[in-house]
Amino acid sequence: MRVLKFGGSSLANAERFLAVCEIITNKSQQSPVSVVVSAPQGITNHLVALTETLTEGEELEQGLEHLYKAVNNIFDGLADADTNFNRQHAEQALLRWSQQLKRWLEGAAMLNHCPDHIRACVISLGERLSVAILEAILGKEQQLSVIEPETFLKTNESSLNAVADLVLSRQLFVEQYPNQQRISLMPGFIGVAPSGQVTTLGRNGSDYSAAVLSVCTNAECCEIWTDVDGVYNADPRLIKDAKLLDHLSYQEAMELSYFGAKVLHPKTIGPIAQYHIPCWIKNTGNPDAKGTLISGEDKGQKQVKAISNLDELTMVNVSGPGMKGMVGMASRVFACMSRENISMVMISQSSSEYCISFCVYSHDAYRAQQSLQLEFELELLNQLLEPIDLQSHLSIVSLVGDGMHHQRGVAGKLFSSLAQARVNVVAIAQDSSERSISVVIEQRKCTDALKVCHQNFFSHRQTIDAFVVGCGVVGSELLTQIGRQQESLKSQGVDLRVYGIANSKGIGFNAEGIDMHDWQQGMQADVKPLTVDSVKNFVRNHHLINPVLIDCTSNEDLALKYADFLAEGFHVVTPNKKANTDSWSYYLKLRECAQKTNRLFLYETNVGAGLPVIGTLQNLFKAGDELVQFAGVLSGSLSYIFGKLDEGMSLSEATEIAKSNGFTEPDPRDDLSGMDVARKLLIMAREAGMPLELHNIKVESVLPDDFDSSGSIDDFMARLPELNPQFAAKVDQAASAGKVLRYVGSINNGECQVSIEAVDASHPLYAIKDGENALSILSKYYQPIPLVLRGYGAGAAVTAAGVFSDVLRTQAWKQEL
């Protein structure tokens, strides 16, 4: 004997009824089956509404008409699809039960109250209709019998959330149904109290009915047919890459069902676990799928099997000096909740005995508070207890797995994951079985917590949620590189998606990630102003857990908002030097914000484009090294220009070529002024711990003070040849001494200077030209021979690659905390 249970989603319309009948027929050919059914989808909700509104006359008729219409739609579909459908039988059942329903509701309306035992009769009517419909479909070709739960399924007196008496129910079933047909049908959700009144079995009551019937029939297994392929290791509605579980132990299933797994309920697991009946969770829409087996067999699974969540909870806190050392205070709290019939979902107590905290469902919170205030009225009056405190809008997140027993590091990994998601833990609970560990958190952060925990415990996939600002030369090249590498990164377990791209008009978002092969088009839709709030709200609404702001502009206003982005949980990656060269106080504030929020502020490309300058310096200084002296060619554009001067080219011609090749800024004066190099040198000095400001840098511009550099770019370029003779003379003078001219940033004895220097062949910067950067670092560890970093420091591809490298560092940020 097998017990098959079909839920409301499996009986939503005619097509699904026929699919259920096919499954029943196929299963009955293997062994006898007892089928338990829920009401067709939506019917129970409508019946509940009828008991709450208690209308009369025309309004009642309209409510009943809605019910008739929904059921007759199923009849019509079956009549069109199945010539064997006995519509007359189904309509007679509908007429009989609808007449009874009308009498119940009219009586309740006269009382202006629907007693619980009448409410139980009303809301269980849908299950009876489902049985009648299946009879009408299967009856002509199959030998059927109907099991009436009122004849054996004995419960307590609770009308709306009854608990079955398994021993008595089993005894009565054997007496009432000694022989069964090949197919038996039973309405779920229904029991009978000792008084003889109909009861209902609460939420997921039909599943519970199936479990009880499995015990009564001594079934070889129980099959719960629903609209998913089985039990997943996380809620697939929240976690897209949730994985189907092949097997759960009874204990694991109990824990998951208690803490929110939607396809299971603790009342269902209890009977099958007590009598060791295997239970399959199967999909009506995909009957060939393997499903999930719940049994006592040990499959040797991983430490953590699944993660679940329970929402809409409130934490009740009973605390005060009168709690400490007072025997019986806890029992009074629990007795108080018992009298109110309030379920305590989770309990936590401080080791000091100062506070007892417990979670209840939010709809019970006010009742719990009022009851406790009455119970402890004297203690509250004498200030032995603090006011009963409620903390609402909470969720419980639980890790579950038999393999967690005696395994080290599970709790630590959980709390690290919660820290990664920036989730504050309100309370913690773990029993001695170590089968589960639960934390209470803010409900608004629940999805974030689930995503990070699932990522770290199951998928082992890192996510990078990028927002790129600036679509110029570097920004567009970065987007091209990301598009080229996305699939390769995914194969390595890194899911990098660009969710927003901004230009001067605003920022365009895409909840699924912008297509990098068509990003220009993708950013046109729904463009909004670029603000910290607009990006933050998008991240929060879409539960992105590792947001990264990538600023590829030279915009100073945006740079001054980096601290705000860091404070909101963003990593910040940028080649923009404006933030690091603002005031020394802002420089420190950025690092304080990053440390406080456990985020990264990465700017490797600020100084050497793709050269690993910043990271090298930071690692040296962390290891105790100290800067003694520095000299470097820090501008790729000036490296190119001065290299061409060596080859006999004029200053104006070299500048024109550099500009046309994209080595300089659109306005070459930005490079020739020396301020770009000054900013880079200031960053180097600050990394070495020097609290300097930009005005402390001595700057010798390439352009003499008496040269007129005003006007448009074209005007400037037209006047630039005036300097050719002057620079030709300088080049010749240096050459006569065996030297070349280089534009050098240097740090000596705490002083920083940017200037044109003549260096000989023994100098590390002598051979630096054609756009190369080079940095000569003389330190406590590196002397008398300096550490030299050398490579190309100009060009969009190199700079974008450096930014990309920083972006990828954010995937492993938690190891850097």
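**Exercise 1. How many disulfides does a search of the whole structure find?**

Solution. This is a predicted model in which local features need pLDDT of at least 70 and side-chain atom pairs count only at pLDDT 80 or more, while totals for chains, interfaces and linings use all residues. Residues are numbered from 1 along each chain as its sequence is written, and side-chain values use heavy atoms, with hydrogens and water left out.

Step 1. A disulfide is a covalent bond between the sulfur atoms of two cysteines, and here the term requires a pair of cysteine sulfur atoms within 2.5 Å.

Step 2. For cysteine 279, the closest cysteine sulfur belongs to cysteine 222 and is 4.4 Å away, which is too far for a bond. Cysteine 279 is buried at 2% relative accessibility, where buried means under 20% relative accessible area, exposed over 50%, and partly exposed in between (1.4 Å probe, protein chains only).

Step 3. For cysteine 552, the closest cysteine sulfur is that of cysteine 471, at 8.7 Å, again too far for a bond; cysteine 552 is also buried, with a relative accessible area of 13%.

Step 4. The search of the whole structure therefore ends with zero disulfides.

**Exercise 2. Find which residues touch the most other members of the largest nonpolar core, and follow one of them to its neighbours.**

Solution. Step 1. A nonpolar core is a set of buried Ala, Val, Leu, Ile, Met, Phe, Trp, Tyr and Cys residues joined through side-chain atoms within 4.5 Å.

Step 1. The largest such core has 75 residues, and those touching the most other members are Phe467, Tyr562, Phe601, Phe642 and Leu775. Helix H27 (residues 675-687) gives the most to this core, with seven residues; helices (H or I, at least four residues) and strands (E, at least two) are DSSP runs, numbered from the N terminus.

Step 2. With contact taken as heavy atoms within 4.5 Å, and not counting residues up to four places away in sequence, tyrosine 562 touches several residues, including Leu549, Val572, Tyr586 and Phe601.

**Exercise 3. Which parts of the chain does the salt bridge between aspartate 241 and arginine 461 tie together?**

Solution. Step 1. Side chains of opposite charge can pair when their charged atoms come close; a salt bridge here is a side-chain nitrogen of Lys or Arg within 4 Å of a carboxyl oxygen of Asp or Glu. The structure holds 35 of them.

Step 1. In this pair the closest N and O atoms are 2.9 Å apart. Because aspartate 241 lies in the loop between strand E7 (221-226) and strand E8 (247-249), and arginine 461 in the loop between helix H15 (446-459) and E17, the bridge ties together parts that are 220 residues apart in sequence.

Step 2. Arginine 461 is partly exposed, with a relative accessible area of 24%.
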